[in-house]
Amino acid sequence: MAFRRSFTLGSAPSKAVTQIAADSKYWLWVNGTLVVFEGGLKRGPNRTDTYYDEIDLAPYLQAGGNTVALLVWYFGKQGFSHSSSGKGGLLFQADITTGSTVTRLVSDTGWKHIVHPGYSNNTSGTQVNFRLPESNVYYDARNATGVAGWQSSGFDDSGWAAPTDFGATGAAPWNALVERPVPQFRYSGLRSYTNAASLPSTGRGSTAISGTLPSNLQVTPYLKVDAPAGAVIGVQTDHYDDGAGLVGIEPGTQYNMRATYVCSGGVQEFEPLAWMSGTAVRYTIPAGVTILELKYRESGYDTDFAGSFSSSDPFFDTLWTKAARTMYVNMRDNYMDCPTRERAQWWGDVVNQLKEGFYTFDTRSHALGKKAIAQLTSWQESGGVLYSPIPTTIWTNELPVQMLASVWSFWTYYLYTGNADAVTGAYPAVKKYLNLWSLDADGLVNHRAGDWDWEDWGSDIDARVLDNCWYYLALDTAAKLADLSGNSADVARWKAQRDSIKANFDRVLWNSARNEYRSPGYTRDTDDRAHGLAVVAGLAPASRYRAITEVLRTHLNASPYMEFYVLEALYLMGAATVAEERMRNRFAAQVADPASYTLWEVWDKAAGTDNHAWNGGPLYALSAYAAGVRPTKPGWQTYEVIPQTGTLAKINTVTSTVKGDIRLGITPRRNKGDADPHFPERNDCASGRAHLRRSPAGHQGERHHRLHRRFVDRQRQRTDLREQGLLVRVPGRPARHMDLHGDRRGTSRQPRHGLAGHRQQQPGEQQLGPRPPDRRHAHERDRRQGLHE
């Protein structure tokens, strides 16, 4: 639908605050200038309501005549990320301030509108799969000659009809309006393909012409041709049928977006405004058509790659960079599992994406996480069930352990953002959902199958171990959210259940004969993902770390989704070199693949999509653990820098936080490391609330790991490391201290950069770097999440 409204202003306005809502998307021009590219969000802040945008149009308005024009695309169907109202509609309200006068312009019968004659719903050929609410774009330019230039002020719309007034704000079926919680999408100008110089000047018939993109991008392709009327041009990306090979995907249900353009005759240009994703755009242009230009426009979520990681090893640098690109291509209206087959906000994926995003982007990205939390809890079923993806009414299946993981991630979000409002509002939904779970006679959690009893892709899954890990993490979060939200009466109940899991986990699930976690009755291969999650949850005692490390070294059952937690567990146990070894093994093909800018859904590229952000565990592991930058109190009030360099001789990293950037550089110097930290201007490190400790680099990493084990075996002094630093007394050895630059001193001294608040080193003590394993999990999770009991 095309809408226009012309009006006159006595002078240029100082302000023109405008609210716009549409089911489903809109593009806005003011006086012929494109102001909003793809406005609106896919519908569904909750089960009934609609999002609206708020923008100031004053910079685009002028004294005298003005025209606003909107193209509105009503999807007309449901999807995995959109809840259709069942009726297309537009709401527009602008309060325009000129001097002391405020003029209100609203969407009423004074507007003009028309069903755009160029677009039609063509159902021939392959169609967009049911998971996407969008449809293919079909544009016949022969039918649109009468509306050429309709966005401009001078266009004659006298033949257009007045629209129907469906009522004021709040009218059904759009109901209440919820302000857009994320920024407007960014978009570029038209850009040339990287192979532009070699693109042909005429069409090649059925042989596609491929414009190469510089990466995996969200784009709208563009063409300018000289063609006869009726010539048909097809446009799609190289990822049009991405993910067709995944187990369970029925043939023909994998296709995403494509566009068809029917030429009007002569020189003409076309840009299908619906975005596509891929690494190349393929045009099918009939022979005899002269190609004048083939270009693309990139668009996407409005955030910058403020985080970074580089090291002495190109393998890990490439792996981090591919994970970062995968993150960005999976952000738009919502976090997505992939930008092709589904574009859906599966919450198992979101849990991983949240952690990755905190090390990849600037703080504008935080809004997408807040929106995700609000949507998940607002779509809760009346009986308490949480499910994803949302927003949708065509999929309502509960994946129980994904929902437990979601609850856990709420505290992660609070820890990294400091935004208490985003998570305290979720507590009633958390309470209602966890009340559906119960403990068994062993004091462990009863298995909840839900609607899709899914723990991970792959086989050899020890579900009982995983269930208890996820439930423990969710209970721990519930206790903290109850306290934070003022529901202190609930805390004891959550802690009692949590403590029951803790008390009985090893008693029931540790198999002493095999020296591994193995639930009674489980007979398949040892589950690496279960061991990794036991460490991440803090349920595995340090005395098990040597055995668990060996399991993670020798068993490779986790999918890329759960590999995230296996890698984190290895770093939490101080086994940096084993983590590196595992990454080299499991990610070798993805790093080496020159055709992939992104990481894959599963280990076999052909068996899924090649752009799944749940596969970004290495990004988080390298930034949070190899570089060692992590918050210890919500909103980075305090944080720690504890590098575990493993075999890496050099690390440079930037972490963007709500307090500013944290920059860390570690470079080699005479077989030692030289750490060069830079802390945010808005921190309180002068009062000792930033902690920097460093682990030995290179060959010293294995010795460091042995010292960890020696510490565990001897059960040396256990101090609160956050307050006192990592100091271990080793009888018969001189006192040594590693300062920020890696120098070892024979006498006690404060770090060179004067970070106060550390306990002074005493004679006969040795500083080892990262916290030893027996303390990492007694306090690591609490320290990361700011919990004090």
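User: What do the side chains of Asp 333 and Lys 25 form?

Analyst: They meet in a salt bridge, with an N to O distance of 2.6 Å. A salt bridge here is a side-chain nitrogen of Lys or Arg within 4 Å of a carboxyl oxygen of Asp or Glu. The model is predicted, and local features need pLDDT of at least 70, side-chain atom pairs count only at pLDDT 80 or more, while totals for chains, interfaces and linings use all residues. Residues are numbered from 1 along each chain as its sequence is written, and side-chain values use heavy atoms, with hydrogens and water left out.

User: How many salt bridges does the structure hold?

Analyst: There are 42 salt bridges in the structure. Some residues are joined in a network of them, namely Arg 186, Asp 302, Asp 304, Asp 362 and Arg 364.

User: Which residue forms a salt bridge with Asp 313?

Analyst: Arg 584 does, and the closest N and O atoms are 2.0 Å apart. Asp 313 sits in the loop between strand 20 and helix 1, whereas Arg 584 is in helix 12 (residues 576-586), 271 residues apart. Asp 313 is classed as buried because its relative accessible area is 13%; Arg 584, at 33%, is partly exposed.

User: And what about Arg 341 and Glu 342?

Analyst: Arg 341 and Glu 342 also form a salt bridge, with 2.8 Å between the closest N and O atoms. Arg 341 counts as buried because its relative accessibility is 1%, and Glu 342 counts as buried at 7%.

User: Back to Asp 313: which side chain reaches its backbone nitrogen?

Analyst: That of Ser 311, at 3.1 Å. Ser 311 is part of strand 20 (residues 308-311) and is buried, at 9% relative accessibility.

User: What else is Ser 311 in contact with?

Analyst: Setting aside neighbours within four places in sequence, Ser 311 is in contact with Phe 316, Asp 317, Leu 648, Lys 650 and Ile 651. Contact means heavy atoms within 4.5 Å.

User: Changing topic, what is the strand order of the open sheet of five strands?

Analyst: The order is 8-7-2-5-11, with mixed pairing. Strand 8 (101-106) and strand 11 (177-179) stand at the edges with a single partner strand each, so one side of each has no neighbour in the sheet.

User: How do strand 7 and strand 8 pair?

Analyst: Strand 7 (residues 89-98) pairs with strand 8 in the antiparallel sense over six bridges; two strands pair if DSSP finds at least two bridges between them. Thr 97 has Val 102 in strand 8 as its bridge partner.

User: Last one: where is Ala 420, and what does it touch?

Analyst: Ala 420 is in helix 5 (residues 420-424) and is partly exposed, with a relative accessible area of 23%. Not counting residues up to four places away in sequence, Ala 420 touches Tyr 414 and Leu 484. Ala 420 and Ser 485 are 65 residues apart in sequence and 8.4 Å apart in space, C-alpha to C-alpha.

Terms used:
Helix = DSSP H or I, 4+ residues; strand = E, 2+ residues; numbered from the N terminus. Buried < 20%, exposed > 50% of the residue type's maximum accessible area, 1.4 Å probe, protein only. Polar contact = N/O pair within 3.5 Å; in protein donor to acceptor, adjacent residues only side chain to side chain.
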